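I open this notebook page to look up pockets and ring pairs. The entries follow in the order of the look-ups.

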Amino acid sequence: MSTKLFELLLQASIYTVTISVVSILIGFAIAILLSGMLLSRRSLFVRPAQIFISFFRGVPLLVQLLLIYNLLPVIGVNVPSIVAAIIGLSLCTAAYQAENLRGGFASVPLGLVESAEMVGLTPRQIFRRIKVPIALRLTFPALVNEAILILKASSLVSVVGIVELTRMAQDLAGSTFLPLQLFASAGLIYLVINWLVAFAGSLIENRLPGAPR
């Protein structure tokens, strides 16, 4: 396989990384809101969050992408394919990240919170100084794992017309008749990207408050 073909795969991988990173960040912001709703004692907040999470965890991502891509024009929202892809990935990962965060916040020791209240910390200070660091520490490995899953799942966005890494490998394989070399190269690129994410996640995890030294 020529160097030119490998360069085309690398260029396509930029789309893969960009779409994945943006989706993960947007999904994390939505997940924070959802986890707060889940931990609320009001059914007005809990029920919609449960329905959202049940839908996006229960419906295959491929179906979600196709639904969003075809639904937006129907309701009068015309956006580029890449935006539809990011919306689909963001909503999907938000559902999984919300459950991870909910578990983290629910695992914060009640006695620790009560002690903070006794020394005069405000609810905002307790949330920022106690709940967030503990919950983030507990859920960080799961969040990194979710990021890797989304990077791999981004290969599905080709169904809405995005020429990312997998789609580029398919197109090149069809024109060059070198499927084995191209898909092996694409797999290698995915492996390197995900290894870098896991490595970076490990470094960050070791620097979080409460990490063993």
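I looked up the second largest pocket and got a volume of about 350 Å³. I noted that 14 residues line the second largest pocket, with G36, L39, F105, F127 and K131 the closest to its centre. A pocket here is an open set of points on a 1 Å grid over the protein atoms alone where a 1.4 Å probe fits, with protein on both sides within 12 Å along at least five of seven lines; lining residues have an atom within 4 Å of a point. The volume is the space filled by probe spheres set on the points, which are joined across faces, edges and corners.

The model is predicted: local features need pLDDT of at least 70, side-chain atom pairs count only at pLDDT 80 or more, and totals for chains, interfaces and linings use all residues. Residues are numbered from 1 along each chain as its sequence is written, and side-chain values use heavy atoms, with hydrogens and water left out.

I sorted the lining of the second largest pocket by class and found ten nonpolar, two polar and two charged residues. Nonpolar covers Ala, Val, Leu, Ile, Met, Phe, Trp, Tyr, Cys and Pro, charged covers Asp, Glu, Lys and Arg, and the others, Gly among them, are polar. Helix 1, helix 4, helix 5 (110-118) and helix 6 each supply at least two residues of this lining. Helices are DSSP runs (H or I, at least four residues), numbered from the N terminus.

I then took the largest pocket, at about 450 Å³. Its lining has 19 residues, and I24, L143, V144, A147 and V197 lie nearest the centre. Helix 6 gives the most to this lining, seven residues. By class I read 15 nonpolar, three polar and one charged.

Next I looked up ring pairs and found four aromatic pairs. Rings of Phe, Tyr and Trp (its six-membered ring) pair if their centres lie within 6.5 Å; planes under 30 degrees apart are stacked, over 60 edge-to-face, the rest tilted. F52 and F56 make a tilted pair, 4.6 Å centre to centre with 40° between the planes. F52 and F56 are four residues apart in helix 2 (residues 43-58), so about one helical turn separates them. W195 and F199 are stacked, at 5.3 Å and 10°. I checked accessibility (buried under 20% relative accessible area, exposed over 50%, partly exposed in between; 1.4 Å probe, protein chains only). F56 is buried at 10%, W195 is exposed at 53%, and F199 is partly exposed at 43%.
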